[in-house]
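Have the sequence and the 3D view open as you read.

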Amino acid sequence: MDIRPDVELRGFNTLALPGRAAHFATVTDLDEAQVALAFARERGLAVTVLGAGSNVVLAGDLPGLLIRVAIRGRALVAQGGDQLELRLGAGEDWPATVEYSLAQGWYGLENLALIPGTVGAAPVQNIGAYGVELAQRFVALEALEIATGALRRFDRGECAFGYRDSFFKRAGRDRWLIVSVTLALCRTPHLVLDYPALRAALAEHPPGPLTPAAVAAAVCALRRARLPDPAVLPNAGSFFENPVVPAEQAQALAARFPGLVTFPAPGGRVKLAAAWLIEQCGWKGVARDGVAVHDRQALVLIHRGGGARALLALAAAIRASVRAHFGVELIPEPRILGGHWS
Ligand SMILES: Cc1cc2nc3c(=O)[nH]c(=O)nc-3n(C[C@H](O)[C@H](O)[C@H](O)COP(=O)(O)OP(=O)(O)OC[C@H]3O[C@@H](n4cnc5c(N)ncnc54)[C@H](O)[C@@H]3O)c2cc1C
């Protein structure tokens, strides 16, 4: 394995933000990951772990070692009755994993089709879309402790999954390098069609039984219609989480703002549609200083060459106006590297 000095990172994040890593390693198996961690430990270097870079904002240079996880591998590790368990290397591509599972006749990931990124990053923010979250299909993961190189297994409870949240974004942040993830899938379809936009899209499905492949195709079509392709318009998907507020606050907001878009959230709380809040503040389609708010989806910020400073200034201005207008705090979804949110 090659640990390279001074590597430009523009090609390693979907926002195409420039920045340099003082040291850079791509690891393709457990041994290489151990070697890279030992390299950092011996030199006292801070370690940053990266997958496909589709949920990060690179705000500056990284002084330590950036480890890009490219550990591949798929193995059926348990099966019985309708259920099976699939262990995946953390560097496997998530969209390809969904396609692979469908092709095998292993179901459960269809609503999560086409979410960019790697398998190893999926538990970090408990990826979710169209009514399904990773946590619902998750069995366990294996991770190396960055400080010691020790391998440890985490079961679902230990991952403390929440909405776009897990142990790895909180107490476990920057402490673990995930090397594999095991998912539970089914041989018979158990379709999840609660999400209104998905149900509406499938209403036009030709007569006959609805298959997981048809659900995945509908999800892909919806995503392509709503979200810009990072290869064409550099972006990191949703830039803000949907805020979750107490029911009383949601009721008060709904009384003041007819049309407020809400979804039920666990614990009797209410999730507000961040895109609607941003749109109401007039941000949809706004472009300035080489950055922009996407003109079809106000939750997505586009980088058009203005750099991280302009992007963060736009994000801060959006947060301030939503705060002033609705009294609601927007939380950025991507992880910021080499800088801080203002
Ligand atoms: C167009 C677009 C659409 C998107 N749609 C959705 C969506 O519908 N739902 C959703 O949930 N997300 C969505 N996202 C966000 C993104 O796809 C997910 O967060 C994805 O899991 C990120 O994977 P990645 O490999 O690119 O992670 P990266 O961006 O490389 O890393 C993200 C975080 O995970 C950490 N990390 C990455 N790999 C590992 C590892 N092996 N071990 C430990 N930590 C690790 C990093 O340190 C960083 O903190 C979207 C992004 C884009 C660009």
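Across the interface of domain 1 and domain 2, two residue pairs are in polar contact, both at pLDDT 80 or more; a polar contact is a pair of N or O atoms within 3.5 Å, where within protein one must be able to donate a hydrogen and the other to accept it, and residues adjacent in sequence count only if both atoms are side-chain atoms. This is a predicted model, in which local features need pLDDT of at least 70, side-chain atom pairs count only at pLDDT 80 or more, and totals for chains, interfaces and linings use all residues. Residues are numbered from 1 along each chain as its sequence is written, and side-chain values use heavy atoms, leaving out hydrogens and water.

How much area do domain 1 and domain 2 bury between them? The value is about 1100 Å², 70% of it on carbon and sulfur atoms, buried area being the accessible area (1.4 Å probe) that two parts lose on being put together, summed over both. In domain 1, L37, R41 and V69 lose the most area to domain 2, together 37% of what that side buries.

Now turn to the ligand. Of the 34 residues around it, V49, G51, S54, P116 and T118 come nearest, a residue being near if one of its heavy atoms lies within 4 Å. A backbone N or O atom of P116 sits 2.6 Å from a ligand oxygen atom. A polar backbone atom of G53 is 2.8 Å from an oxygen atom of the ligand, while for I178 a backbone N or O atom lies 2.8 Å from a ligand nitrogen atom.

Finally, consider the charged pairs. The structure holds 14 salt bridges, each a side-chain nitrogen of Lys or Arg within 4 Å of a carboxyl oxygen of Asp or Glu. R20 forms one with E8, their closest N and O atoms being 3.3 Å apart.
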